[in-house]
Amino acid sequence: MIMERKWWHDKVAYQIYPKSFLDTNGDGIGDLRGIISKLDYLKELGIDIIWLSPIYKSPFVDQGYDIADYYAIAEEFGTMEEFDELLAEAKKRDMHLIMDLVINHCSDKHEWFQKALADPDGEYADYFYFRKGKNGNPPSNCRSYFGGSCWEPVPGTDKYYFHMFAKEQPDLNWENPKLLGELYNMINWWLDKGVSGFRIDAIINIGKNTTFPSYEPDGTDGLAGCWRMIDSMETVGKLLKDLKNNTFEKYNAFTVGEVFNIEENALEQFIGEDGHFSTIFDFSAHCLSDGEHGWYDAPPMEFKRWRKTITDAQLEAQKCGFKANIIENHDEPRGASRFLPKYAQTPAGTKMLGTVNLLLRGIPFIYQGQEIGMQNVIWDSIEEYDDISTKDQYRIAREAGLSDAQALEVCGRMSRDNARTPVQWSSEKNAGFSTGTPWLKVNTNYQAINVESQEKDADSVLHYYRRLVALRKSAEYKEVFTYGEFIPAYEDTDTVMAYYRADTEKRILVAANFGREAVELALDYAVKGVLLANQADLSVKKTHKTGELLKLESCEVVVLECECS
Ligand code: GLC
Ligand code: CA
């Protein structure tokens, strides 16, 4: 497919979760100074775009995804001057900054909501969804994503306000043009400042059925999941078009949407040439562990399903645009623990997973700590956890009859806090993250997995990630890794994830053996050279001609340049 080239097509992005990145003043909380001090580290990794999870003023009920002032930096993180410095320092290094845009809801501490509470019939109440209850009950039976009713009483009235997430995150009324004007101004204010775009939070939820119907209950609480209220793609699409026209478009901004629940065949409307966003995250592999009732009945990751899911997503996306590919983020457990079988949870396995993911067609997003192979945490009490959603899921698991130990095992596997533990910079106290007490416990494996020791080891996951990103961006191969077609390969094997990236000039084979045993693959194209390998140098294997066998050890990945035909 022929498409207009955009500035962000060949970029590699990195997500920072500021609270856990690096603390420089000993209060146990990561800060902007910490980020500034690591820009060179990110540059060396080959990063072009940095996404900052929310750094706005917030009570942190949902870790900053509850914004109290869109124009202010959270004191915990620093000042607006420091933000400007970060932006300037990033620019100096030819790196782009994108902010997290949370506009489905704000914090209950936001001035708008405070004014709405003070005058529940006034102008600001209409910035939110205030509705009368029905016979002493909430207006509908929807369940919020974090558990409990979506409706919370407005004190001193017979009204309720609506929230799809925590009760401290009231939903904004996207049917109110005045509010939309305020949001557009705010977005343009940040773009004028020089940010290059946004990661857009939970955005599909803005288009909901605001007649607020009740649904057939799907749980013992008599409630029904609020995702059912998400309206047709036309309703959402209209809001998103206006949003784009009034903001992003004018600045040639890069936008990546957090979009679940997309209707089939609607992808082009989202990421096509005229799409609502530049790109959206590919969560298809992550959704494989959606349990029917919650985390506790999440099905185990099966290799073949995982492979097919990624393959299908790639084939679909390349018909119309680019997806943003992730292994993990701040809402997901660590990929090295989740997508690799136990025997592969090693540096070799971690490199293999990274290779397969980063060379897919699309925009790679590396999440902080992924580049050193950080893993899930094991905690023996629910008290150790901070995350609001983990507490809810623990409760659900207990109510479903799981023991404390079993419910904790579920959290160990699925919790969002797995990805939120502090970045492991060194083998010093608190992994070098903070000289104070970290807001969330450091993973006890930091002596074994940390940046400092990996810097010294040329064979480490970190050094390998640098080579991997450099290959993707190299003058010679950038074109094929950016625009080359994705063609699945060796799909009939039991343990190999393999694909070609190909254009008229080049054909690259990426092949990884996720199995416990070695395998042999008959080459369909003669090999010209080895671009990257996570184990022994392939050139010694002398496997070159079509039809010859390429042997892959357990957890081995190779990136080979092949003859085009
Ligand atoms: C998104 C964020 C998540 C947050 C939620 C509500 O899913 O990634 O962290 O809890 O939106 O803002
Ligand atoms: Ca700090």
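Modeller: Let us begin with a term: two strands pair if DSSP finds at least two bridges between them. Helices (H or I, at least four residues) and strands (E, at least two) are DSSP runs, numbered from the N terminus. The structure is a predicted model, in which local features need pLDDT of at least 70 and side-chain atom pairs count only at pLDDT 80 or more, while totals for chains, interfaces and linings use all residues. Residues are numbered from 1 along each chain as its sequence is written, chains are lettered from A and ligands numbered from 1 in the order in which they are written, and side-chain values use heavy atoms, with hydrogens and water left out.

Colleague: In what order do the five strands of the open sheet lie?

Modeller: The order is β16-β17-β18-β22-β20, with antiparallel pairing. At the edges are β16 (485-489) and β20 (527-533), each of which pairs on one side only. From one strand to the next, the twist averages 25 degrees.

Colleague: How many bridges join strand β17 to strand β18?

Modeller: Seven bridges join β17 (residues 496-502) to β18 (residues 507-513), and these two strands run antiparallel. Within this pair, Y500 of the sheet stands opposite L509 in β18.

Colleague: Which helix packs on the sheet?

Modeller: Contact means heavy atoms within 4.5 Å. Axes are lines fitted to C-alpha atoms, for helices over the stretch in contact, and angles run from 0 to 180 degrees between N-to-C directions. Helix α10 (residues 303-317) packs on the sheet and touches β16 and β17. The direction of α10 makes about 15 degrees with that of β17.

Colleague: Which residues of helix α4 are buried?

Modeller: Buried means under 20% relative accessible area, exposed over 50%, and partly exposed in between (1.4 Å probe, protein chains only). In helix α4 (residues 111-118), the buried residues are W112, F113 and A116. Seen down the axis of α4, these residues fall within an arc of 95 degrees, so they line one face of the helix; the arc is that of the directions from the helix axis to the C-beta atoms. The buried residues of α4 pack against β4 (69-73), β6 (130-132), β9 (159-162) and α5 (177-193).

Colleague: Which residues coordinate the calcium ion (ligand 2)?

Modeller: Donors are N, O and S atoms within 2.8 Å of the metal (3.2 Å for Na, K and Ca); water is not among the atoms, so sites may look incomplete. Here D23 (OD), N25 (OD1), D27 (OD), I29 (O) and D31 (OD) coordinate the calcium ion, at 2.3 to 2.4 Å. The spacing of these donor residues in sequence is D-x1-N-x1-D-x1-I-x1-D. D23 counts as buried at 7% relative accessibility, and D31 counts as buried at 4%.

Colleague: How many salt bridges does the count come to?

Modeller: A salt bridge is a side-chain nitrogen of Lys or Arg within 4 Å of a carboxyl oxygen of Asp or Glu. The count comes to 44 salt bridges. One of them joins the side chains of D121 and K159 (2.8 Å, N to O). D121 lies in the loop between α4 and β6, and K159 in strand β9, so the pair ties together parts that are 38 residues apart in sequence. D121 is exposed, at 66% relative accessible area, whereas K159 counts as buried at 14%.

Colleague: Where do D221 and R143 lie in the chain?

Modeller: D221 is in the loop between β10 (197-200) and β11 (224-225), and R143 is in strand β7 (residues 142-143). Their side chains meet in a salt bridge (2.8 Å, N to O), which links distant parts of the chain, 78 residues apart. D221 is partly exposed, with a relative accessible area of 41%, and R143 is buried, at 18%. Elsewhere, D62, D331, D387, R416 and R420 are linked in a network of salt bridges.
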